[in-house]
Amino acid sequence: MFQEIEKIYYFIKRDVISFSTYKTNIALMVLSALFGALSYAYLGSNADMQRVLQLYNISFTSYLLIGMAFSTYIGQALTLVQKTINPWHLEEVLVSPTGLGTFIIGSSAWGFIWSTIVVVVYLAVGSLAFGVVLSINVAGTVLVLGLGIGALIGFSMIGAGILILIKEGDPITWLIGILTSVFGNVLFPPQVMPYQLQIISYVIPQYYFFTAIRLMMVGWSIQMILPEILALSLMCVIILPLGYFIYSWCLKTARRNGTLSWF
Amino acid sequence: MSEIAIETHCLTKIFKSKIRNLEPKNSILKRKERLTVTAVDHLNLKIKKGELFGLLGPNGAGKTTLVKILCTLLPPDEGEAYVNGFDVVRQQMDVRRSLGTLFSVGERGVFWRLNGYRNLEFFSAIYNVPRRKRHERIMEVLDLLGLKDKAFENYQKYSGGMKRKLALARALLPDPPILLLDEPTVGLDVISSRSLREFIKNLSEEASKTVLYTTHYIEEASQICNRIGILNKGKLVACDTPNAIKSIVKKGEVVEIRVTSITDAQVEAVKAMEGVIDITSQVEDSVLGQRRLRLHLKNIDSLSQVLHFFLKEKIKLIDLRHEEPTLEDAFIELTGRGLEE
């Protein structure tokens, strides 16, 4: 077990060293995070959507900042498994005595650490520059993050599996990305849309994730978001095993056909 | 304890793909046709512990497919394969712990933004090199390959030879008993290639490593390998010591002739002669039209037929030598084609 954790540490170390060599890119990413936080907070403070947001009992500024901050986690979770199928390194790692689980976690760990840094930047800008008041339920946040990431990793595995077979263009990740931005409760609440469209929001995990995470940021208890927790848990139970089954089948098929690194 | 490091029984790998049929008469439904390629065909092979075994074959002969099956990347369709006594399908982790693998495109598996040392540090972790021994082992391997001074230099600044050596260093890190080296010298200059070959030979002789060395460079295989297997269209057509394989062509005679002013059509005419088993032609000087012909004749009497043709066609003879058969002659004899075909 310790050996596997240590391997994950070396995956992170490798990615941090690689990342640190792109100095201009780091500067641009930090600036993007700051600029994004400032622009969404400004937009939120001037928009007239307070009526709808009475549902959530938070200001539109808080709504937007939390949505944008945590959408980086969703992005990471959605592309998590795809990152492991880098054809340049896939075969080299698959011939080593390292399990697929360690490989997937190790390859994506740095992405989640970076997402956490982005969340901290967004929330700090919100608090310091726009007076967003946060009262974070840490245990609840971790639970919601775990369930949300779990459900989306299921989609990520389905997308990665398809990508392994068709080699270019992953329709699942593309579709989930679109659904997140329009129906995911990231930039605006789905309640502002016609009811027929709202239904789409209610069947995707992103809606429940963003609803629950916002409430955890303003100090609600886990019991108060039990419906969202149940919905996310149910989606995890269905999507995660389905994704693992599809990913394993596609990986096995590509191995059998000898097309694993044909990108 | 078994003396066999690598063993295969009736090992077979078939690739199936669909290809587009460009015949305009075919209907849309028939436009894609199934193509089946048997990359490895009922292969039986035994490589002893400590042996440096060369696997020769032209492109597409099945060398890389065999390496990928042995290192657990590809599952076989039929037959069995064992590495260090472990089954490549059922005991994958044990197989991986027994192996160091270098793929023909070794640079792909190296992280370009990390220096040599950091690359090896990462791979030593995922290959379970004990933490306390890690630094010592990395420096030892870098020293063995002459890269110690370049350990902390950016990988992008490495020459082609250094990049191949680093890829080999990665394979050596866990100190595995068996090495699978897929065309390790491909793309290297003469000096780098020679130094890498010598290093691999020493690994087998001094460190008692079993090495499976695939190549399509006949001479390098005959220089360093204890035994050679010739793979053609997935089948092992010969497997013996280099000298024993060369003796396959002993039944004929090999003559090397340097000539000027000979055309391709004339070379073909010589090839069609009754006493000529095979001929290879190499341009030595395109301006003077000078070529080196290597003739494999049924017997030495057949030479008079060839020389008579040269006289008739006014082809100038510069040099003529009776040669010992090489591994390449044996290869052509066995497969009916040259390695570059």
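**Two chains of a predicted model**

Biologist: What follows H1(B), and is its phi positive or negative?

Modeller: H1(B) is followed by B:Thr72, which has a positive phi near 75 degrees. Helices (H or I, at least four residues) and strands (E, at least two) are DSSP runs, numbered from the N terminus. This is a predicted model, in which local features need pLDDT of at least 70 and side-chain atom pairs count only at pLDDT 80 or more, while totals for chains, interfaces and linings use all residues. Residues are numbered from 1 along each chain as its sequence is written, and chains are lettered from A and ligands numbered from 1 in the order in which they are written.

Biologist: Which residues of H1(B) are buried?

Modeller: The buried residues are B:Lys63, B:Thr64, B:Thr65, B:Leu66, B:Val67, B:Lys68, B:Ile69 and B:Leu70. That is eight of the eight residues of H1(B), so this helix is largely enclosed by the rest of the structure. A residue is called buried if 20 or more other C-beta atoms lie within 10 Å of its own, exposed if 12 or fewer do, and partly exposed in between, with the C-beta atoms placed from the backbone.

Biologist: And how much of chain B is buried overall?

Modeller: Of its 341 residues, 41% count as buried. Chain B has eleven helices and 14 strands, and its C-alpha atoms fill a box of roughly 75 × 55 × 45 Å along the principal axes.

Biologist: What is the order of the strands in the open sheet of chain B?

Modeller: The six strands of this open sheet are ordered E6-E7-E8-E3-E9-E10, with mixed pairing; two strands count as paired if DSSP finds at least two bridges between them. E6 (99-102) and E10 of chain B are at the edges with a single partner strand each, so one side of each has no neighbour in the sheet. On average, neighbouring strands are turned by 15 degrees against each other, direction ignored.

Biologist: Which way do E9(B) and its partners run, parallel or antiparallel?

Modeller: With E3(B), residues 52-56, the pairing of E9(B) is parallel over four bridges, and B:Gly54 has B:Ile228 in E9(B) as its bridge partner. With E10(B), residues 235-240, E9(B) runs antiparallel and is joined by five bridges, where B:Gly229 has B:Cys239 in E10(B) as its partner. The hairpin of E9(B) and E10(B) has two residues between the strands, and B:Lys233 takes a positive phi near 50 degrees there. E9(B), residues 227-232, is mostly covered, since five of its six residues are buried.

Biologist: What packs on that sheet?

Modeller: H11(B), residues 327-335, does so, touching E3, E9 and E10 of chain B, and its direction makes about 40 degrees with that of E9(B). H6(B), residues 190-206, lies across E3, E7 and E8 of chain B and runs at about 150 degrees to E8(B). Such angles run from 0 to 180 degrees between N-to-C directions, and axes are lines fitted to C-alpha atoms, for helices over the stretch in contact. Seven of the nine residues of H11(B) are buried, so H11(B) is largely enclosed by the rest of the structure.

Biologist: Changing topic, how many residues of chain B are in contact with chain A?

Modeller: There are 24 residues of chain B in contact with 23 residues of chain A, where contact requires C-beta atoms, placed from the backbone, to lie within 7 Å. On the chain B side, H1 (63-70), H2 (92-98) and H3 (116-126) each supply at least two residues, and the largest share, four residues, comes from H3(B). By class, that side has 13 nonpolar, five polar and six charged residues. Here Ala, Val, Leu, Ile, Met, Phe, Trp, Tyr, Cys and Pro count as nonpolar, Asp, Glu, Lys and Arg as charged, and the others, Gly among them, as polar.

Biologist: What covers the buried residues of H1(A)?

Modeller: The cover includes H6(A), residues 100-130, together with H3 of chain B. The buried residues of H1(A) are A:Lys7, A:Phe11, A:Arg14 and A:Asp15. They span an arc of only 90 degrees around the axis, taken from the directions from the helix axis to the C-beta atoms, which puts them on the same side of H1(A). The face turned away from that buried side carries the exposed residues A:Phe2, A:Ile5 and A:Ser20.

Note on methods. Contact = placed C-beta atoms within 7 Å.
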